[in-house]
Amino acid sequence: MIDRETIPARVVRVLFLGLWLVITIFPLYWIIITSFKTPGAIFSYPLTYWPEVFSFENYIGLFEKAQFGTYIGNSLLVATVAATLATLISMLSAYVLARFEFRSKGLLLMAFLVTQMIPAFIALGPLYLMMVNLGLVDNKMGLMLIYIAVCIPFSTIMLRGFFANVPDALEEAAMIDGLSRLGALFKVIVPVMKPGIVAAFIFNFVNCWNELFLSVTLMNRDSNKTIPTALNGFISSFNIDWGSMSAAAVLTILPTMLLFAFASRYIVQGLTAGAVKG
């Protein structure tokens with residue numbers, strides 16, 4: 001196929017993409033340089049787009065005053081456990097939906113899709129009352145259970161598409177060789193669909209890591225708060241601690257950036273493989 005794009009059109013496309021890249025990256029850049037400015041330099045006029053003196057005061061203050069290490073530990077624990085269990089449960093439910101036919105299958109899939117259309121804050125009241133009755137308010141286990149329930153529908157739909165692309169013959173051959181259905185699933189099918197599982201886990205982890213409404217509603221003690229709740233704490237009625245908030249935002253973004261960087265290959269493979277056949 002001959003490329004008929006003219007030079008002016010190519011220049012316009014490159015300029016547009018370059019402008020879009022600058023607009024997209026600038027907020028992240030501004031957060032990073034703000035985190036390295038002293039409190040006085042943050043509000044200096046005219047604005048400085050590069051710190052005259054790099055200061056780690058904001059980062060040191062996070063761990064000395066705000067117990068940010070505790071918040072990071074809580075977020076890592078909650079997000080990792082919730083994402084792992086949600087991915088495992090979703091993998092089993094997606095396998096059933098992809099391999100078996102039963103009467104309420106279409107209704108169940110529709111229910112999964114409908115849950116993705118409902119804003120999370122609508123369910124805050126009922127969820128809070130339920131957690132109060134169960135004695136799980138201000139409890140990391142309670143937050144994990146809700147995160148697992150929230151992540152399962154999307155992960156199930158995502159992994160079902162991936163299961164549908166794995167040939168039935170592969171599983172049948174394993175069962176003929178003596179493996180049970182579960183044995184064939186975990187020893188044969190799961191290694192084949194590793195990219196899809198990794199992609200589902202990453203999306204679950206990021207959703208749990210960044211979630212705010214539920215964590216703010218359910219977590220009261222500093223020893224149980226997660227990072228989004230801590231970031232929300234830097235905003236008061238009359239003031240915003242921009243330096244500490246910027247430093248906390250940088251530390252919050254780093255784990256997810258590293259996760260996507262190391263697993264980007266699996267994400268692309270998982271999404272493309274799961275999108276071919278439903």
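Mentor: This is a predicted model. Its largest pocket holds about 620 Å³ of space.

Trainee: Which helix gives the most to the lining of the largest pocket?

Mentor: Helix 7, with 8 residues. Helix 6 and helix 10 (194-210) are also among those supplying at least two.

Trainee: What makes up the lining of the largest pocket by class?

Mentor: It has 19 nonpolar, 4 polar and 1 charged residues.

Trainee: And what volume has the second largest pocket?

Mentor: About 250 Å³. Glu57, Asn58, Lys65, Asp241 and Ser244 are the closest to its centre, among 17 lining residues. Helix 3 (57-65) is one of the elements giving two or more residues. Its share is the largest, at 7 residues.

Trainee: Why is Asp138 called buried?

Mentor: Its relative accessible area is 13%. Buried means under 20%. Asp138 falls under that cut-off, so it is buried. Asp138 sits in the loop between helix 6 (124-134) and helix 7 (140-163). Asp138 also has a positive phi of about 60 degrees, although it is not a glycine.

Trainee: How do you know how confident the predictor is along the chain?

Mentor: By pLDDT, which averages 84 for the chain. A score of at least 70 is reached by 92% of the residues. Over residues 274-278 the pLDDT is below 50. Where pLDDT is low, the coordinates should not be read in detail.

Key:
Residues are numbered from 1 along each chain as its sequence is written. This is a predicted model: local features need pLDDT of at least 70, side-chain atom pairs count only at pLDDT 80 or more; totals for chains, interfaces and linings use all residues. Side-chain values use heavy atoms; hydrogens and water are left out. Helices (H or I, at least four residues) and strands (E, at least two) are DSSP runs, numbered from the N terminus. Buried means under 20% relative accessible area, exposed over 50%, partly exposed in between (1.4 Å probe, protein chains only). pLDDT is the predictor's confidence in each residue, from 0 to 100. Contact means heavy atoms within 4.5 Å. On a 1 Å grid over the protein atoms alone, a cavity is a set of points where a 1.4 Å probe fits but cannot get out, and a pocket is an open set with protein on both sides within 12 Å along at least five of seven lines; lining residues have an atom within 4 Å of a point. Grid points are joined across faces, edges and corners, and a volume is the space filled by probe spheres set on the points. Ala, Val, Leu, Ile, Met, Phe, Trp, Tyr, Cys and Pro count as nonpolar, Asp, Glu, Lys and Arg as charged, and the others, Gly among them, as polar.
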